[in-house]
Amino acid sequence: MLKNYFKSALRNLWKNKAFSAINIVGLAAGLAVCLSIVLFVFDELSYDKYNPNASRVYRIDADLFYNNTRFLDASSPKPMAYTLVKEYPQVEQMVRFDNRNNILIKKGNENVQDYHAVMADSTFFEVFPMPLLSGNPKTALNDPTSIVIDESAAKRYFNSTDVIGKTLYVDNSVYCKITAVMKDFPRQSHFHFSFIRPLRDNYPGEGSNWLSNNLKSYILLKPGITQEFAQSKVNQLVNTYLSRQLQDMLHALIKDLEGRGSYFHYNLIPLTDIHLHSEKSSEFEANGNINYVYIFSIIAGLILLIACVNFMNLSTARSANRAKEVGIRKVAGSSKGHLITQFLTESILLSFFSLLLALGIVTLLLPFFNQLAGKQMHIGSLFAPGFLAVLVGLVLVVGLLAGSYPAFYLSSFQPIQVLKGKIASGFKSSWLRSTLVVFQFSISIVLIIGTVVIYNQLQYIHNRKVGYNREQVLILHNTYNLGRQIKTFKQELLGFPGVSDATMTGHLPTVGAGNYSQNGWFRDPSLDAKRGIIFADFEVDERYLPTLGMQVVKGRNFSKEFLSDSSAILMNETAVGLLGVKDPLNLILYRPEEKGGKAYHVVGVVKDFNFNSMREKVTPLVMRLSENWGSIALRVNTSNMSGLIGQIENKWKSMAPGQPFTYTFMDNDFNAIYHAEQKMGNIFITFSLFAILIACLGLFGLVTFAAEQRTKEIGIRKVLGANVGGIVMLLSKDFAKLVGIASIIAFPIAWWAMNQWLQGFAYRVSIGWWVFVVSGVIAMSIALLTVSLQTIRAALANPVKSLKTE
C-alpha cells in the first residue's frame, strides 16, 4: 500500500509539472532561508561551549549606580576573585586578565605590531583548559618572563609549532621564553588570545584597592555549587572589603548610599551567556545580541509559514482539477483515511524534494551569507547527528503542516456532488485561501516596514551630528614607541603641507567605552559621598578640541598661556546638568588623588559628543590637561592622502626605526563601532527580500490557477468587447483588496515590533506615517506586478481558442 502511495504521488507531481515546480521552488526557498538562519542561530548559541568547564565558569561584572549615573563594566576589583577562592572553598579556582590587546614582537630587524595579547594568572589553564600542542599547563605561566602562544603565532614567527624554549623580544623591553603552544581558540569564543603572559601581582594583599575595576575576573565553581550561592558570597565581599574602603574614602557605608538610591553591585554572569547577553564597557570583543537571535528565529518561522501557505493555497486552488479523481477513488471503495494518507504522502514527498533543492541553495549561498554575517559556517554542520534529526523532523513537519488542510479538504468531497460537477471553482470559492493570502502578505508588509525602519536607523547613526568632526582625521597609533621624541614628531608633522592641526591623546571618541577610566568627583575636599558623582575621565592636550572639531559652549579651552590649567578641567553639558549648577565656570571639584582630594577648577563647558555607542546616552565627562602618548590625531586637508601618509611614515621610520607604523581614519573607526548593527541590518533586509519573493511566487501560482479556471469567462468577455485593461483589472482587484486588508493588519504589528527594537538605541529615528504609506505602496506594487505578469497573458489570449477548448 505504501509503495502505491509513493507511485501515485510521483505520478501526480509529474503530471502537474507547473504546480509541482512552483511548490518545490517556493518550499525550497523557504527551507533554504530557514536552514541558513538555523545555522546562524546554532552558531550564536554555541559560544564558549568548547570549554568543558563552561557550566561552572562565571565572570564578575560591575554594575554601579551613583548619584543618577550608571556604569556597567566587564571588570571588577583586582582582589575580588582571589579573595573568593581564598575564603570560600566552594570556589574552586579563579583567573584574572589584564587586557593588553596589542603587543610588539621583534621579527628580524623590525618590530611587528601583533594583536590578541593578554596578561593572565598562572591558573588560566585550570579555568580554560585549552588543548596544548606542547608544554605543561600547570607551569606554563609560572615564570614572569614566560609566554604562551597559539598555533598560528608559532607558525607566523617560526614556521613551526616546535618552539618550546625559544624566545620572543616583546614590547621593546623583555625577552620572553615560550613555555607552551596552544591550539587556536575556537571561533565561537567571546575572547581570542594569541599571546598570554603572566599577570603581575598574583596575590594581592589586604590593602589592595577594592574601588578600582581594573581586571576581568572569572571564577570556577566546584560541581554542584549554584550561581545564587556564589553570588551571595560576592555580595558578602562587597559589604565587607569594598564597603570598608568606601567608608575610609567617602565617609559613608554602602547601605547609606543605597538608602539614597545609589548602589555598588558586582554580578556573576555565566560564561555561556556573555556573548549574547553582555554589552558592557571594556568587553574583550564585540559580542552578539540575543534579541537578534530571537528576531531571526521568528523570521525563519514566518518565512517557512509563508512557504507552507503557498502550498496550501495552490493545493486547494487546484482542488477542482482533482475533484473527479477523489470522486472516482471514493466510488471505487477508497476510504477517507486512505485519501488523506495519499495526499499527505504527496506533500511529504514534495517537502523532501524541496529539502534536497534547499540544501543545494544553502551550499551555493553560504559563502555569501558568511560574508554578510561575518561568520565561518559550514554546510557540513547540517549533517551532524543533531542536525540530521532536525532535517528529518523539518521534512515531516513541513509536509504535514503544508499538506494537512489540502488533504482533509480534498478527501471530504462527496463523490455524487463531484461527479455531477457541483464543486465550486475559482479564486472566490475559498475564504480560507483568501485568509492565507492576507496572512502571508501581512508578514511580508511587516518585514518591508522593518526593513525601511532599520535602514533609516542605520542611516541616522551614520549621518547624525555626534559633536565632533570625524572626517579627514588621521590617527597614528602606539605613538608611545617614539618615547621622548613624541612632541618633536608632532611638531614636525604640523609643518607638513596638508596637516592643519594635531593632538596627542589616548582618549578618542571612536575607540569605545573601554578606552577611559571612570572616577568619583566631589564638591568639597572632605569627599562627602552625598555630593559625589562618577564621571568618565579623558586626558587631553590643548589642541584636542580644535583638532576634532569640538565646540566650547561656555568658558574657554585649555591654553598654554595659563599655568594654572594643570589643575583645570573641561566638562560636557551632561556633567553640568547633573551637577545642577547654572554657571559651572570656576567651580571647584575634588578628585581622590591625594588625601583629602586634589582640587580642580572648571574653565569651560564642551558641547556633548558621543564617545560610546548610540545605544547609550552621553554620560557625564571631564577632561584633564595631561600628556598621554597613546596616539596622535591629525586634522588633514589634502588631495594626495597616500602621498601625505608616505611622508608621515618616512618621518616615523627616521625617528622610530624598527617600530611598526600603524594608522586608521576616524570615520572608519566610527563605522566599526556600528559594524554589528550594519551587519544585522543587512541580514534582516536580505531575509525580508526572500520572504517577499516567496510570497510573490505563491501569488503568481494562485493567479495562474485563477486565470485557468476563468478561461471561459475571459473568452466570453473579450467576444463581448472587453478590453485587455478591463480584464486585467477584473482579475487583479480581488488580490488588491486582500493586499489592502493585509496592510491594515500589518501596520500596527510592525509599529509595535519596530518601536520595541528602536528602544535599544538612546538616539533613534521616529517611525513616521510615511513609512507605512511607502511600505503599503511597495507591497501593493509588488503584488500587482506579480499578478499582472499572468493576468495580461490571460487577457491577451485568443478567445476563440479558449471557448473552443471549453
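I note that the model is a predicted one.

I then checked where Asp537 sits. Asp537 is part of strand β16, which covers residues 532–540.

Next I looked for polar partners of the Asp537 side chain. I found a polar contact of 3.1 Å with the side chain of Arg591. I found another polar contact, at 3.0 Å, with the side chain of Arg624.

I moved on to helix α18, residues 641–655. I checked its length: at 1.5 Å a residue, 15 residues should span 21 Å, and the end C-alpha atoms are 21 Å apart, so the two values agree.

Which residues of α18 are buried? I noted Met641, Leu644, Ile645, Ile648, Trp652 and Met655. Viewed down the helix axis, these buried residues fall within an arc of 100°, and therefore they line one face of α18.

I looked at the other side of α18 too, where Ser642, Asn650 and Ser654 are exposed.

Last, I asked what covers the buried residues of α18. The cover includes the strands β13 (473–477), β14 (499–505), β22 (631–636) and β23 (663–665). Helix α15 (486–494) is also part of that cover.

How values were computed
Residues are numbered from 1 along each chain as its sequence is written. This is a predicted model: local features need pLDDT of at least 70, side-chain atom pairs count only at pLDDT 80 or more; totals for chains, interfaces and linings use all residues. Side-chain values use heavy atoms; hydrogens and water are left out. Helices (H or I, at least four residues) and strands (E, at least two) are DSSP runs, numbered from the N terminus. The expected span of a helix is 1.5 Å times one less than its number of residues. Buried means under 20% relative accessible area, exposed over 50%, partly exposed in between (1.4 Å probe, protein chains only). The arc is that of the directions from the helix axis to the C-beta atoms. Contact means heavy atoms within 4.5 Å. A polar contact is a pair of N or O atoms within 3.5 Å; within protein, one must be able to donate a hydrogen and the other to accept it, and residues adjacent in sequence count only if both atoms are side-chain atoms.
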